[in-house]
Amino acid sequence: MIVNQPTGIAHVAIPTDEPEATVAFYETLGFKRLVDGGVRGMLQCGSCVIEYYPRRCDKKPIGNIDHIALACDNLDEAYEEIKGLGCEMISEGIESNQMFAPRSNRFFLFKGPNGEKIEFCKVS
């Protein structure tokens, strides 16, 4: 068992070809815009967060959950632990992006036992 365990689900990611319709639908369910990047962003309702973004390839069905993101306090240590378990790493090291600018968003992705993509992330 790893020492640096997830502390909760950070978000669920959904690819879309219609970001405006996706946002409108989730707003009817009570979600508010947490991050608005036009064609991509994050919506929040209570502790539930949904990331939406343009579908990356025609083969992936719209609406499929792309990955499960798990919040993690000690990202660097967790990365080494997950690598040490022999999991198939998707990320080459710890990545970052500007999704929550000016806060930093660091993360890494790996495959679970059924091929599911799992992200460990930390926004600070």
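How accessible is Glu88, and is this residue buried or partly exposed? At 48% relative accessibility, Glu88 counts as partly exposed, where buried means under 20% relative accessible area, exposed means over 50%, and partly exposed lies in between (1.4 Å probe, protein chains only).

## About the model

Before we go on, please keep in mind that this is a predicted model, in which local features need pLDDT of at least 70, side-chain atom pairs count only at pLDDT 80 or more, and totals for chains, interfaces and linings use all residues. Residues are numbered from 1 along each chain as its sequence is written, and side-chain values use heavy atoms, with hydrogens and water left out.

## Salt bridges

The structure holds 5 salt bridges, a salt bridge being a side-chain nitrogen of Lys or Arg within 4 Å of a carboxyl oxygen of Asp or Glu. One of them pairs Glu88 with Lys111, with 3.8 Å between the closest N and O atoms. Lys111 sits in strand S7 and Glu88 in the loop between H2 and strand S6 (95-97), so this pair ties together parts that are 23 residues apart in sequence. Helices (H or I, at least four residues) and strands (E, at least two) are DSSP runs, numbered from the N terminus.

Arg33 takes part in a salt bridge with Glu27, where the closest N and O atoms are 2.9 Å apart, and in another with Asp36, where the closest N and O atoms are 2.9 Å apart. Through shared partners, Glu27, Arg33 and Asp36 are joined into one network. Arg33 is partly exposed at 44% relative accessible area, Glu27 is partly exposed at 34%, and Asp36 is partly exposed at 49%.

## A buried histidine

Now to strand S1 (residues 8-16), where His11 lies. His11 is buried, with a relative accessible area of 6%. Its side chain makes a polar contact of 3.1 Å with the side chain of Glu51, and a polar contact of 3.2 Å joins the side chains of His11 and His67. A polar contact is a pair of N or O atoms within 3.5 Å; within protein, one must be able to donate a hydrogen and the other to accept it, and residues adjacent in sequence count only if both atoms are side-chain atoms.

Setting aside neighbours within four places in sequence, His11 is in contact (heavy atoms within 4.5 Å) with residues including Met42, Val49, Ile68, Ala69 and Glu119.

In soluble globular proteins, nonpolar side chains tend to be buried together. Here the largest nonpolar core has 11 residues, among them Ile2, Leu70, Leu75, Tyr79, Phe108 and Phe120. Helix H2 (75-84), strand S7 (105-111) and strand S8 (117-123) are the elements that give two or more residues to this core, and H2 provides the largest share, 4 residues. A nonpolar core is a set of buried Ala, Val, Leu, Ile, Met, Phe, Trp, Tyr and Cys residues joined through side-chain atoms within 4.5 Å.

Leu75 touches Ile94, Arg106, Phe107, Phe108, Phe120, Cys121 and Lys122, not counting residues up to four places away in sequence. A second, separate core of 7 residues includes Phe31, Leu43, Ile50 and Tyr52.

## An exposed isoleucine

Finally, Ile65 lies in the loop between strand S4 (48-54) and strand S5 (67-71). Ile65 is exposed, with a relative accessible area of 56%.
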